[in-house]
Amino acid sequence: DPAQAAHWFAVAADEGYGPSQYILATMYSRGLGVPRDDVQAIKWFLIDLASLDNLLFTDNLFEQSEARADATQVAAAQKLDRAWWSANANKEQAYPK
């Protein structure tokens, strides 16, 4: 069930689990299990990108989401990204080794 998967990826992403942040961003970008939402996709891509210190994505979903979004939406995603980092400053980002 894609909607159930999106729910659990969102829970893990919000707890700082990096792979879930990327998967959730991908789900929002493609509209899998959630309505397509480029603001949320960009937000989670930005959080994941900062967590991994400039990870090179294997696809261009981040760029596609940014291209579909207008300047106001990109600014909103950036604001959500900053708010997430503010609220989660004490969380250690988790990535499998």
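1. Start with helix 2 (residues 18-30) and helix 4 (residues 61-68): their axes come within 10 Å and cross at roughly 45°. Axes here are lines fitted to C-alpha atoms, for helices over the stretch in contact, with angles running from 0 to 180 degrees between N-to-C directions. Helices are DSSP runs (H or I, at least four residues), numbered from the N terminus.

2. A quick caveat: this is a predicted model, where local features need pLDDT of at least 70 and side-chain atom pairs count only at pLDDT 80 or more, while totals for chains, interfaces and linings use all residues. Residues are numbered from 1 along each chain as its sequence is written, and side-chain values use heavy atoms, with hydrogens and water left out.

3. Helix 2 and helix 4 are therefore oblique to each other (under 35 degrees is roughly parallel, over 145 roughly antiparallel, 65 to 115 roughly perpendicular, and the rest oblique). Their crossing is left-handed, that is, the near helix is turned anticlockwise from the far one by less than a right angle.

4. Who touches whom? Thr26, Ser29 and Arg30 of helix 2 meet Leu61, Ser65 and Arg68 of helix 4, contact being heavy atoms within 4.5 Å. By class, that is one nonpolar, three polar and two charged residues (nonpolar: Ala, Val, Leu, Ile, Met, Phe, Trp, Tyr, Cys and Pro; charged: Asp, Glu, Lys and Arg; polar: the others, Gly among them).

5. Now helix 1 (residues 2-14): helix 1 packs on helix 2 at about 140°, axes 8 Å apart. That makes this pair oblique, and the crossing is left-handed.

6. On the helix 1 side, the residues meeting helix 2 include Phe9 and Ala13; among the helix 2 partners are Ile23, Leu24 and Met27. The contact counts 10 nonpolar, two polar and no charged residues.

Note on methods. Helices (H or I, at least four residues) and strands (E, at least two) are DSSP runs, numbered from the N terminus.
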